[in-house]
Structure formats: structure tokens, C-alpha cells
Amino acid sequence: MFDRVVIGVADNPEKQPFFSLDERIAMLKMVFGGQERITVKPFSGLLIDFARDCQSRIIIRGLRAISDFEFEVQLAGMNRSLAPEIETVFLTAAEKYAFVSSSLVREIARLNGDVSEFIHPEVHKRLIEKLA
């Protein structure tokens, strides 16, 4: 669908992610490292500024459920207002993953449930190590 993809990993001081920025970047590079058309980069600040820095004209956003849609459309509208040259494209999750979220995966893993079908094996290993 695209010649190249840049995965932007946000450093948002308003959020407290389970994995640090460096850990998230390392895992993404491990998962996508063999694919030369995919780059993983950290960023802070506005997504549209990051897109401009990467010389991207398209932002890809994922939708799992209809509940994601309202927020994502609002965000896309604001981004379009701030950067009309950048388009947002929505891709929906496969039906079998539409209910999966990082918080659900973490909670199930915390309670010793098997989440291996939802995440990459190396990410699964790191999740279990961090929970221990």
C-alpha cells in the first residue's frame, strides 16, 4: 500500500506507558527490523510536525471499534486544519483483533492468562519478564 512506513513512537509526558520509550522502540525494531521499508522513530510534540519531519504526506491511524472512530475523526479533523497537506488514512483491525487492547493484554497477563496469540513472541517474553 505504501513505499515506506515510518512508525512514530510518541514520547508523551501526559501518559505513563507500561514500557519506556526506549523499550518500545527496541521491541518495534526487533519486530520490524528485517523490513527495509519500515523505520521506527521516536517523537515528541505534534504528530503533524513529526510527519513533516519525515516528509510524509499520509498519517495511518488504526481503528479497532466504532468507539475509536469519534475520537480519531476529531483528531484527523484537527490535524487537517493544522496541516492541510497531510492526509489521515484509517485502517481497521482484523475482526479477530478488534477487541484487543494493550490494557486488556496486560491485565490478562498479570492474572497469568495466555496472551501469546495477541503479541509477538519477543514482546510476550518481555511483558512476562517485566510483570515478574
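Tutor: One term first: contact means heavy atoms within 4.5 Å. The model is predicted, so to speak of local features we need pLDDT of at least 70, side-chain atom pairs count only at pLDDT 80 or more, and totals for chains, interfaces and linings use all residues. Side-chain values use heavy atoms, with hydrogens and water left out, and numbering runs from 1 along each chain as its sequence is written.

Student: What makes up the protein in terms of helices and strands?

Tutor: There are 5 helices and 4 strands, and along the sequence they follow β-α-β-α-β-α-β-α-α. Both kinds are DSSP runs, numbered from the N terminus: helices are H or I with at least four residues, strands E with at least two. The C-alpha trace spans about 45 × 30 × 30 Å along its principal axes.

Student: How do you know that the span of helix H3 agrees with its number of residues?

Tutor: The expected span is 1.5 Å times one less than the number of residues. H3 covers residues 66-82, which is 17 residues, so it should span 24 Å; the end C-alpha atoms are 25 Å apart, and that agrees.

Student: Which residues of H3 are buried, and what do they pack against?

Tutor: Asp68, Glu72, Ala76 and Asn79 are the buried ones. They pack against helix H2 (47-53), E3 and strand E4 (87-92). An α-helix has 3.6 residues a turn, so residues three or four places apart point the same way.

Student: Why does asparagine 79 count as buried?

Tutor: Buried means under 20% relative accessible area, exposed over 50%, and partly exposed in between (1.4 Å probe, protein chains only). Asparagine 79 has 10% relative accessibility, so it counts as buried. Beyond its neighbours within four places in sequence, asparagine 79 is in contact with Leu47, Ile48 and Ile59. For the protein overall, buried residues make up 20% of the 132 residues.

Student: Why does arginine 64 count as partly exposed?

Tutor: Its relative accessibility is 39%, which falls in the in-between class, so partly exposed it is. Arginine 64 sits in the loop between E3 and H3. Leaving aside neighbours within four places in sequence, arginine 64 is in contact with Ala93, Ala98, Val100 and Ser101. Arginine 64 and phenylalanine 99 are 35 residues apart in sequence, with their C-alpha atoms 6.8 Å apart in space.

Student: What makes the surface patch, and which residues are in it?

Tutor: Met1, Ile58, Ile60 and Leu91 make a nonpolar patch of about 400 Å². Patches take residues with over 30% relative accessible area and no salt bridge; like charges are joined within 9 Å, nonpolar side chains (Val, Leu, Ile, Met, Phe, Trp, Tyr) within 5 Å. A salt bridge puts a side-chain nitrogen of Lys or Arg within 4 Å of a carboxyl oxygen of Asp or Glu. The areas come from the Shrake-Rupley method with a 1.4 Å probe; for residues, only the protein chains shown count as cover. Isoleucine 60, in strand E3 (residues 58-63), has 37% relative accessibility and so counts as partly exposed.

Student: How many aromatic pairs are there?

Tutor: The structure holds 4. In one of them, phenylalanine 18 and phenylalanine 19, the ring centres are 5.1 Å apart and the planes stand at 85°, so the pair is edge-to-face. That follows from the cut-offs: rings of Phe, Tyr and Trp (its six-membered ring) pair if their centres lie within 6.5 Å, and planes under 30 degrees apart count as stacked, over 60 as edge-to-face, the rest as tilted. Phenylalanine 18, at 21%, counts as partly exposed, whereas phenylalanine 19, at 13%, counts as buried.

Student: Why is the pair of phenylalanine 69 and phenylalanine 90 called tilted?

Tutor: The centres are 6.3 Å apart and the planes are at 55°, so the angle is in neither the stacked nor the edge-to-face range and the pair is tilted. Phenylalanine 69 is in helix H3 and phenylalanine 90 in strand E4, so the pair ties together parts 21 residues apart in sequence.

Student: What is the phi of glutamine 55, and why does the residue count as exposed?

Tutor: Phi is near 60°, a positive value in a residue other than glycine. Most residues other than glycine have a negative phi. Glutamine 55 lies in the loop between H2 and E3, and its 69% relative accessibility is over the limit, so it counts as exposed.
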